[in-house]
Amino acid sequence: MRNTQRHFVEGPNSLWHIYKTVPFWKVAKNFLVIQTARYTPFLPMKNWLYKTFLKMKIGKHSSFALMVMPDVMFPEKITVGENSVIGYNTTILAHEYLIDEYRLGDVVIGDRVMIGANTTILPGITIGNGAIVSAATLVHKDVPAGSFVGGNPMNIIFTAEQMAERQAKS
């Protein structure tokens, strides 16, 4: 199960309660920063924008490819370790608005993690150090350190031990 906090609402679906959960001007500022970063090819500038204006925690030498979409409402709930790569057009969510509730959860991406293009990471997920997430994966549960995962829904393709065996044979 993902590690999220559940907040129940009454009346219209939870998205109609959006500005009771997050200030409008925060979302507007975050949107402008994210759109600027999505199109800039300068990795240090992206990391600076994310850390300075969105309060994301980003380790040294981590890279966000073009078009990566961090959570626009709660980016401060995203942590990326050192020397990790977030692939093209990946979406990292720290919130989800449902009918009768909304959920918030920290997303923790470890050190030396490779996330393939067009991946979606749901709230409350931890991706362990050295993990590899294949392209177009829906990350709906935690990823063990050193493993190789992929698919929709996500499955473990190789465990850390199997990955070590494969690398030893190379």
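A salt bridge is a side-chain nitrogen of Lys or Arg within 4 Å of a carboxyl oxygen of Asp or Glu. By that criterion, Glu101 forms a salt bridge with Arg103, their closest N and O atoms being 3.1 Å apart. The model is predicted: local features need pLDDT of at least 70, side-chain atom pairs count only at pLDDT 80 or more, and totals for chains, interfaces and linings use all residues. Residues are numbered from 1 along each chain as its sequence is written, and side-chain values use heavy atoms, with hydrogens and water left out.

- Six salt bridges are found in a search of the whole structure.
- Side chains of opposite charge can pair when their charged atoms come close.
- Besides its contact with Arg103, Glu101 meets Arg6 in a salt bridge at 2.8 Å, N to O.
- Glu101 belongs to strand S9 (residues 101–104) and Arg6 to strand S1 (residues 5–8), so this pair ties together parts that are 95 residues apart in sequence.
- Helices (H or I, at least four residues) and strands (E, at least two) are DSSP runs, numbered from the N terminus.
- A network of salt bridges links Arg2, Arg6, Glu96, Glu101 and Arg103.

**Accessibility of these residues**

- Buried means under 20% relative accessible area, exposed means over 50%, and partly exposed lies in between (1.4 Å probe, protein chains only).
- Glu101 counts as buried at 7% relative accessibility, and Arg103 is buried with a relative accessible area of 18%.
- Arg6, with a relative accessible area of 47%, is partly exposed.

**The salt bridge between Glu76 and Lys26**

- The side chains of Glu76 and Lys26 meet in a salt bridge at 2.9 Å, N to O.
- Glu76 lies in the loop between S4 and strand S5 (78–80), while Lys26 lies in helix H2 (residues 24–39), so the pair ties together parts that are 50 residues apart in sequence.
- Glu76 is partly exposed at a relative accessible area of 27%, and Lys26 also counts as partly exposed, at 23% relative accessibility.

**The open sheet**

- Four strands form an open sheet with parallel pairing, in the order S4-S7-S12-S15.
- Strand S4 (69–70) and strand S15 (138–139) are the edge strands, each pairing on one side only.
- Two strands pair if DSSP finds at least two bridges between them.
- S4 pairs with strand S7 (residues 91–92) in the parallel sense over two bridges.
- Pro70 has Ile92, in S7, as its bridge partner.
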